[in-house]
Amino acid sequence: MLAKAVPLRVALFSLAALAVLCGWFQLTRFSTTPGEQSPAPAILPAGLFPANHLPLLLVFVHPQCSCTPATFEQLDRLLNQAGNSVELVLAVYDSAALQDADKGRKPIHPGALLHHPFRLFADLNGSLARRFGAATSGEILLYSPNRQLLFQGGITPGRGHTGDSPVNRALLAAIASGRPASSASQSAVFGCPIFRLAHPG
Amino acid sequence: MKNFLPNSFLSLTRADPIGADAEVRRQHNLLCRQIDRNFAWLMLLQWAFAIGYALWISPLAWAGDTSYLHPHVSLAIFYGGVLTLVPVIFIRIAPGERVTRFTVAVTQMLMSSLLIHLSGGRIETHFHIFGSLAFLAFYMDWQVLIVASAVIALDHYLRGVFLPFSIFGSYAIQPWRWLEHVGWVVFCDVFLILGCSSRLRTLREAAQRHIERAALLRRAHYDALTGLPNRSYLSEWLADAIGDAEAHKSCFSCLYIDFDRFKEINDQIGHSGGDRLLAEVAGRIRSRLDDGAFFARFGGDEFVAIILEAGPSPVRGEEVARSILRAFSQPFRIDETQVPVGVSMGISVYPRHGSDEAELLHHADQAMYRVKRVGRNHYLVYSAHLFAADAERSIAEGDLQRALRNGELSLHYQPIFRTRLRNRPIGFEALMRWVHPVRGNISPAQFIPLAEETGLIVRLGNFALHEACRQASDWRHRGLLPGSIAVNVSSVQLSREDFAESVILTLRQHYTPADAIELEVTESALMQDFCLAERHLRQLRDFGIRISIDDFGTGYSSLGRLRQLTLDTLKIDRLFVEGVATSEADRTVVEHIIGMAHTLGMKVVAEGVENETQLQTLCDLGCDQIQGFLLARPMDRDKTEALLLNLNTAPQSPSLPAA
């Protein structure tokens, strides 16, 4: 009955058009939905990291998140411009459960950052991330040499995508000036949840 | 079994000519179907690749310690699946159509967009767009390229607005970069469209050559008047059909169709009317055949139809034959003239009635001729036993030819007497005899009709004339022949333009006096072409040869015309002589024939006199001469010569052979 009323070609066209719209919607939604964020400590807790005269760039990542390489590439761009005027610490989430689930799978390698000095910190069970309110892989915190929070947010414009963005410029300005970044509103984080499944995908 | 529906070759050689544009469209459609098939495979492979690509980049997304299928993989499976299956379904249901290639173009571009996104906007993935455009150019349809380019431009524009980083690697909207993207696509399109244009030109030229070739083939394979396949094509087609039928163990009927009295109709309505009639008749027969039947003009007014059969009997063939007969029950209308046409048909069946094309046609032809002989406007299925007599006739024809070569034929002479002075013959009638080396004496009643049918009568007639002239010359010069020798002339001989000249030449060749030969012509032979016969007979009579009308009363003649001819003798047929003494009617007829002949100044000869009563009656009626077994049977040359010698040496008491 329905097949008689609606010719096959029209049905196919309608299906295709619907699929295109749904596909478009899904792609856009996945790419542009930011991860959860919590406020980070305004003052860098004492004793966690040795005192240094350089600003501290603290980056929280999930070792298996496919968006992490984009974060590394963006960081590489940033560090190329900032030179050695910032100290980079990578806090990589780790847990026994992850190691079990991750068996046989190579973690994301920070290849883009290899020619920059950085410190690697194994964040067991995400305790450090929790402490700093970093719930999403790719979250960046910038503290000034006097331990004040200058920036909190993501550095990529979308999930897994790199590209020029105002965040880069704001971070560079904050590193150079030692004052808080002006475009904090643009600092949504795009990546996988680090320690809890708030919004899958 | 051979497919009776026209195949691709037939479509190239079909009778209705097609234009270059239609041929280009046809060729283009065939090409598009091929490209569609290639695209279907390509898109299925591409779909698999998209899934693999998504899995390779990132099979899983993570949330802390737990993972789940990455949304990109789901998109590659489902969204990529729709972008693949929709065009593949179109390719399946509407191959070669424009809607299909437009669907392919749109979905292929959307697939490019998906792959670009899955790769995170990698610039290398954009080559997929250009590769797809190049592939779409194989359709040789510039509109497809324009649509594909418009789709990808719109996709990039929308992504540039809503997800600029996924296209331009930048957070901000950058219209100039979008224009740059479009510019490169247009640049590519210009090259591809120029290429399409060039290939279309080549295709058009090829189509033109193809049409010319098809026209040549058509001329060679089709009849110009009716548009039907001709004899040559029929022959090729039938050979193919036999090969296929043999391979598939199937049967078909061969209908041999011939118009009745077409020559007379043609004379009546003129040649141009005859041509139109042929075309209309062909159309009417065609309308009674299945689409799958093969119908050809064999030549002249002969047509052949080949009809597929379900079994070894010509069930379908007979149905078609009956249907054709019904179709011909209505007359044709040519130039406001109603022309009734009848058809005779013979049917043979492959493989029952012949294993090759020639045998099948021959047997169908034989069956058709049998219909003509027995009454026309019907059909007959060939049957071997029905045609056994024909086979015998064919053997007899060969024997007769051999008899002419080997001298198995000879002349016998039957004396003719005056009615009232029966002791001396006044002439002879030459009668042909055939002594077969195996079958012995064969009656003239058997071989003369055969010779007339096969045309051998001309050679037989020449032989009789030569032999009679030679013998008459011999006997006359020796003083033996009292009168003349009568030689029978057939209608076929009389219808030849050079008949009179050839007779005179024969007489001269043998130094035969003209009055030593008498020619006997039947009244029917005279009337067939009276003007020609009159000219011949006048010329022969002027030369001195006597002319007689043979078998008078049994054929058709016009007394008015007979009066125009100056004839010497009239021979009453034995049919009337037989009853002259017993039947009042026969006696009256004979009496009037004799009276009429005498009025016209002709002598009268009664043939077949077998008893005294008949003889006496004929005497009473005033008949001049008699011929028959009562007085003398036909004798061979030696006996005739002996009789003549005897007559010359003993004129008082002739001793005729016992009758």
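**Entry 1: helix pair in chain B.** I looked up how α15(B) packs against helix α17 (residues 499-509) of chain B in this predicted model. I noted an angle of about 35° between the two, with their axes 9 Å apart. I recorded the crossing of α15(B) past α17(B) as right-handed.

I then listed the residues that meet. From α15(B) these are L465(B), H466(B) and C469(B), and from α17(B) they are V503(B), T506(B) and L507(B). Sorted by class, this contact has 4 nonpolar residues, 2 polar residues and no charged ones.

**Entry 2: nonpolar cores.** I turned next to the largest nonpolar core, which has 67 residues. The members that touch the most other members are A468(B), I485(B), V487(B), I517(B) and V604(B). Helix α15 (residues 457-477) of chain B contributes the largest share of this core, 8 residues.

**Entry 3: contact of chains A and B.** I looked up the residues on either side of the contact and found 41 from chain A and 34 from chain B. On the side of chain A that touches chain B, α2 (8-32) and α4 (96-101) of chain A each supply at least two residues. The most comes from α2(A), with 14 residues. By class, I recorded this side of chain A as 21 nonpolar, 17 polar and 3 charged residues.

How values were computed
Residues numbered from 1 in each chain as written. Chains lettered and ligands numbered in written order. Predicted model: local features only at pLDDT ≥ 70, side-chain atom pairs only at ≥ 80, totals over all residues. Contact = placed C-beta atoms within 7 Å. Helix = DSSP H or I, 4+ residues; strand = E, 2+ residues; numbered from the N terminus. Nonpolar A, V, L, I, M, F, W, Y, C, P; charged D, E, K, R; others polar. Core = buried A, V, L, I, M, F, W, Y, C linked by C-beta atoms within 7 Å. Buried ≥ 20, exposed ≤ 12 C-beta atoms within 10 Å, placed from the backbone. Axes fitted to C-alpha atoms, helices over the stretch in contact; angles between N-to-C directions. Left-handed = near helix turned anticlockwise from the far one by under 90°.
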